[in-house]
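This report goes through some charged, sulfur-containing and nonpolar side chains of one protein model. The sequence and structure come first, and the text follows.

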Amino acid sequence: MLEERENKEPAMNPFQKNESKETLFSPVSTEEVPPQPLSLPKKPTPKICGSNYPLSIAFIVVNEFCERFSYYGMKAVLTLYFLYFLHWNEDTSTSIYHAFSSLCYFTPILGAAIADSWLGKFKTIIYLSLVYVLGHVVKSLGALPILGGQMVHIVLSLVGLSLIALGTGGIKPCVAAFGGDQFEEKHAEERTRYFSVFYLSINAGSLISTFITPMLRGDVQCFGEDCYALAFGVPGLLMVIALVVFAMGSKIYRKPPPEGNIVTQVVKCIWFAISNRFNNRSGDFPKRQHWLDWAAEKYPKQLIMDVKALTRVLFLYIPLPMFWALLDQQGSRWTLQATRMNGNLGVFVLQPDQMQVLNPLLVLIFIPLFDLVIYRLVSKCGINLSSLRKMAVGMILASLAFAVAAAVEIKINRMTPPQPGPQEIFLRVLNLADDEVKVTVLGDENNTLLEESIRSFQKMPHYAQLHLKTKSQDSHFYLKYHNLSVYTKHPVEEKNWYSLIIREDGKNISSIMVKDEENKTTNGMTAVRFVNTLHKKVNISLAADISLSVGEDYGVSAYTTVQSGEYPAVHCRTEDKDFSLNMGLLDFGTTYLFVITNSTNQDPQAWKMKDIPANKLSIAWQLPQYALVTAGEVMFSVTGLEFSYSQAPSSMKSVLQAAWLLTVAVGNIIVLVVAQFSGLVQWAEFILFSCLLLVVCLIFSIMGYYYVPVKPEDLQKPADKQIPHTQGNMINLETKKTKL
């Protein structure tokens, strides 16, 4: 998240006297156009409690807090929504998650162009916030189980996410800069402090939302399952509040007019230089010192000099996307890993998607820790930790984080029941008859797949692994009960779990085959299902908002997720009788089967059996990998922007910010491609990313070794007096450290 938490750079203060204010994209015009004054209100700008702080910034800071709460809160539960609500597999869920993240970092280019060239910042924020709110509404509707089928949910979800990406990305370059516009030039110090508060609101919004929205999803039940509609609806409500609060300050805002976009000018300059060089490639034209000098016929010399300095820094940006590819997997692959771990920490139960709260929390701790302690200790030891070296160390830390994640994944796999592979099924036999039954399972060629005697209500410790000849076939079952032999067959398909339930029917026995479809997707929660041996339908109330019905005569319910804990008296009801079932302790991450049986002269009772044992590995084992990757983020992200800003002219800083956001977008695309096409098991994929980043780190180190840093004072010496005129105020976004 540090691409949004900015770091103040001491060497380059954008708020010095006669310098301009902050925005993501700095407007520059190559034509001589008279400067346009800011559209200031006629009356003096209202101040906060007699200070030099404009009252308008209060609306902007509250808006930013609510918007960041909205974005990160929605994104925190997104992967599990794909996996458990839309029923996509882990690779597809990861791919769509990172496609959405990538789009959120492409759209700021569009938002800046609209604001600087057409509508201005204020109208851009208002209009795109409306799009943002509409996206949340559509996304929340797509999470309502009662609204259409799966295809309707998928369409609504994708449309909603596209609108959210346009909204959040479109306003990203405008809000911070619009806040800077509210200050007069003589109040530069107050403006600097404002940005500290502004970025603190980003941290606060992300920290609180990534903790609360997973609780709304997991602790509240809607329509008998996790309440994704509420988890998306609350962030949507916060975005509505953000829009209303921002609009309330409309009459007191300073609203500078659109001034043109520097990114467009840079792209046009580069394109003209390339095309001009291509058109004049014959030997009749003299060679020029630099390929960008071919733009001299149309563009001022100062702009060309600035673009030259810019391209030197952009060359170092080439390896950067791989770092973001690892960092942004906290919300996808690492969250999926947490679903297979035990979130019960004793004091409270941590949801899998709540682990993401560690990132903003550790960022708030690590930024002052690194600045005030670690960097100073390293300096006193005589080690020159330059900016490029800090970035390389950040890459190494992120690589180590994924190596740790791979080790945790291997440990989880050793403690998790194996999954059926190709031409395999897992079978468990439940004998609900009153005496022992001998079960023989034969394949298509009468070969014996399983032969076992099972006592009445015997608890089977595990599933039996059966090999098939084809992907799907009929399995033949011979059941011997007393002197009675019963033959039956059931179709089975590879890679599935099955339970064969043997039931007594008078003096005869019969069997039913149940496909355990949900065995692998219990979301780290406690899951239960029921078999009803009574002759009447049973309605079961597991909690105030969780109830289900189980059909008579060996009806089997679907899995239902519940909170772990003691369930000594679960209320049940048939058409003529109320009774209670003692379900005992339900452990976290365990899947249970309960068989409701009739007892002579007593109420019906529940026979309890574990389908899947409890997750043994604590979710706390993810803490080292989160600590490593966040430390890497602090060293890489803060230092990267600080270094690149010090190496490029002030007029190019907005272009650097645009390029920086694009590296984040490309990094997410890398994850999308690997998730879809690698075909690796999860621990191997973690190792792949770790090794790729180490290779990229080596390449980056070689590039940095041959890079000759530019002194800040050299950038401030104009190469030519013909400096392009700027319309209005030039506005640049400087990185700032969040102050605690």
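Helices (H or I, at least four residues) and strands (E, at least two) are DSSP runs, numbered from the N terminus. The model is predicted, so local features need pLDDT of at least 70 and side-chain atom pairs count only at pLDDT 80 or more, while totals for chains, interfaces and linings use all residues. Residues are numbered from 1 along each chain as its sequence is written, and side-chain values use heavy atoms, with hydrogens and water left out.

**Nonpolar patch**

Val666 is found in helix α15. With a relative accessibility of 34%, Val666 counts as partly exposed; the cut-offs are under 20% relative accessible area for buried, over 50% for exposed, and in between for partly exposed (1.4 Å probe, protein chains only). Val666 belongs to a nonpolar surface patch of about 570 Å², together with Leu103, Phe106, Leu662, Ile669, Val673 and Phe677. Patch residues have over 30% relative accessible area and no salt bridge; nonpolar side chains (Val, Leu, Ile, Met, Phe, Trp, Tyr) are joined within 5 Å, and like charges within 9 Å. Accessible areas come from the Shrake-Rupley method with a 1.4 Å probe, and for residues only the protein chains shown count as cover. Two helices, α3 (90–119) and α15 (653–677), each supply at least two residues of this patch. The most comes from α15, with 5 residues.

**Negative patch**

A patch of negative charge on the surface gathers Asp505, Glu552, Asp553 and Glu575. The place of a charge is NZ of Lys, CZ of Arg, CG of Asp or CD of Glu. Asp505 is part of strand β9 (residues 496–505). Its relative accessible area is 53%, so Asp505 is exposed.

**Salt bridges**

How many salt bridges does the structure hold? There are 16, where a salt bridge is a side-chain nitrogen of Lys or Arg within 4 Å of a carboxyl oxygen of Asp or Glu. Three of these pairs are listed here.

| Pair | N to O distance |
|---|---|
| Lys121 and Asp181 | 3.4 Å |
| Asp226 and Arg217 | 2.9 Å |
| Arg573 and Asp578 | 3.4 Å |

The side chains of Lys121 and Asp181 meet in a salt bridge. Because Lys121 lies in helix α4 (residues 121–141) and Asp181 in helix α5 (residues 150–181), the pair ties together parts that are 60 residues apart in sequence. Both Lys121 and Asp181 are buried. Asp226 and Arg217 are buried too.

**Cysteines**

A disulfide is a covalent bond between the sulfur atoms of two cysteines. Here, a disulfide is counted when a pair of cysteine sulfur atoms lies within 2.5 Å. By this rule the structure has 1 disulfide. Which cysteines does the disulfide join? Cys222 is joined to Cys227, with an S to S distance of 1.7 Å. The torsion about their S-S bond is about -65°, so the disulfide is left-handed. Cys222 and Cys227 are both buried. Cys66 counts as buried at 5% relative accessibility, and Cys174 counts as buried at 1%.

Notes. Lys, Arg positive; Asp, Glu negative; His and termini not counted.
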